[in-house]
Amino acid sequence: MGVEEEYLLVDPDTFLPVPWAEDVRRIAGLGPLTEEGEVQDELLQAQVEVATPVCTELEEVGGHLLRLRHVLASAAEERGCRLVATGAAPVRSAEPVPVTPKPRYRKLEGVGRLLVDEQLISGMHVHVAVPDPETGVAVLNRIRVWLPTLLAMSANSPVWDGRDTGFASWRTIVFGRWPVSGPPPYFHGYADYEQRLDALVASGVISDRGQLYWQARLSDRFPTVEVRCQDVQLRADDAVMLAGIVRALVTVAIAEEKAGTAQPLCRPELLQAATWHAARHGLDGSLVDPEGIRRSSGDVLCMLLRHITGALEESADYREVSSLVHRLLQEGTPADRQRRAVTEGGMPALGALLLGALSAG
């Protein structure tokens with residue numbers, strides 16, 4: 001497995017995004033702790049992305065994320081800005097952040113205009129290896145019903161333009177405006193998956209497969225399933241928790257496919273509604289479970305743990321993941337922590353939280 005995280009670069013005093021990604025990447029690339037390809041650019045010049053090497057243990061994931069966060073935070077500070085791991089920029093300038101000067105990004109700018117200007121959002125992507133594309137599509141069909149739960153657990157973007165949006169994951173709402181986004185549909189095998197992707201590109205509405213922004217998809221670069229629904233996490237150990245859960249979900253899905261277990265079916269409109277509800281509320285109250293039944297968030301998280309316990313025990317991850325899930329239930333989501341900071345001390349307290357949490361865990 002591997003994990004990608006996106007971060008924002010902000011002014012240390014105003015917390016406004018600053019377009020210094022190229023400088024920060026260059027400074028970080030000169031350090032002894034980064035490997036080629038681990039630090040990448042993003043759509044806007046106030047964003048940077050990291051990608052861990054291939055990992056087999058959760059301890060590796062956590063170690064690499066802490067290392068990369070430290071390298072980039074040090075590089076940002078040297079440049080005169082700060083690195084923050086929040087799903088949406090808490091404040092924005094009236095002037096849009098420039099787009100990274102790459103042909104693909106320029107093309108998106110021409111298509112998306114204001115939508116591109118508002119892509120000051122940061123996600124977390126988890127890649128898990130699958131033996132072949134046919135199995136990968138079967139995995140997508142089986143894990144899609146759990147994506148709203150993962151989204152609710154990861155919610156970390158409640159503040160936008162200096163005020164509470166009312167949503168735990170505003171990033172999900174912003175990102176959902178692209179033409180191909182949200183939960184993936186159900187596919188009748190790999191051939192169906194390929195035909196539908198080809199039809200989307202052929203329509204001309206999207207220019208390439210890179211614009212397939214489903215919350216889970218097959219990676220075009222790696223032999224993996226890529227789960228993309230999560231906001232970037234305040235703390236690295238919460239990212240580790242989510243990575244462990246995603247890997248366990250994939251493991252269970254592969255085992256169920258081999259055993260011929262009936263696939264969970266969820267109508268697309270219900271799954272879309274469950275996604276919106278998760279983005280709106282996070283874990284505050286209720287979630288829609290994989291069967292489409294509204295239950296307490298705690299009950300749905302217990303259902304999730306029961307579903308993946310065998311896989312977590314097989315990988316020796318159960319103790320770590322379950323303890324982090326219980327901590328999440330006690331402390332709330334990162335969005336809850338952001339809101340508590342704003343309530344207690346306004347935007348200065350939120351800034352202190354974002355800066356202090358980056359290397360925690």
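**Exercise 1.** Describe the second largest cavity by its volume, its lining and the elements that supply this lining.

*Solution.* The second largest cavity holds about 30 Å³ of space. Here a cavity is a set of points, on a 1 Å grid over the protein atoms alone, where a 1.4 Å probe fits but cannot get out. Grid points are joined across faces, edges and corners, and a volume is the space filled by probe spheres set on the points. The model is predicted: local features need pLDDT of at least 70, side-chain atom pairs count only at pLDDT 80 or more, and totals for chains, interfaces and linings use all residues. Residues are numbered from 1 along each chain as its sequence is written, and side-chain values use heavy atoms, without hydrogens and water.

Next, the lining (residues with an atom within 4 Å of a point) consists of Arg142, Ile143, Trp146, Leu249, Val252, Ala253, Glu256 and His307. Two or more of these residues come from each of α5 (133-143) and α9 (236-259); helices are DSSP runs (H or I, at least four residues), numbered from the N terminus. The largest share, four residues, belongs to α9.

**Exercise 2.** Determine the volume of the largest cavity and the element that gives the largest share of its lining.

*Solution.* The volume of the largest cavity is about 40 Å³. Its lining includes Arg235, Asp238 and Leu324. Both α12 (318-331) and α13 (334-357) supply at least two lining residues, and α12 provides the largest share, with four.

**Exercise 3.** State how many cavities of 30 Å³ or more the whole structure has.

Definitions and conventions. On a 1 Å grid over the protein atoms alone, a cavity is a set of points where a 1.4 Å probe fits but cannot get out, and a pocket is an open set with protein on both sides within 12 Å along at least five of seven lines; lining residues have an atom within 4 Å of a point.
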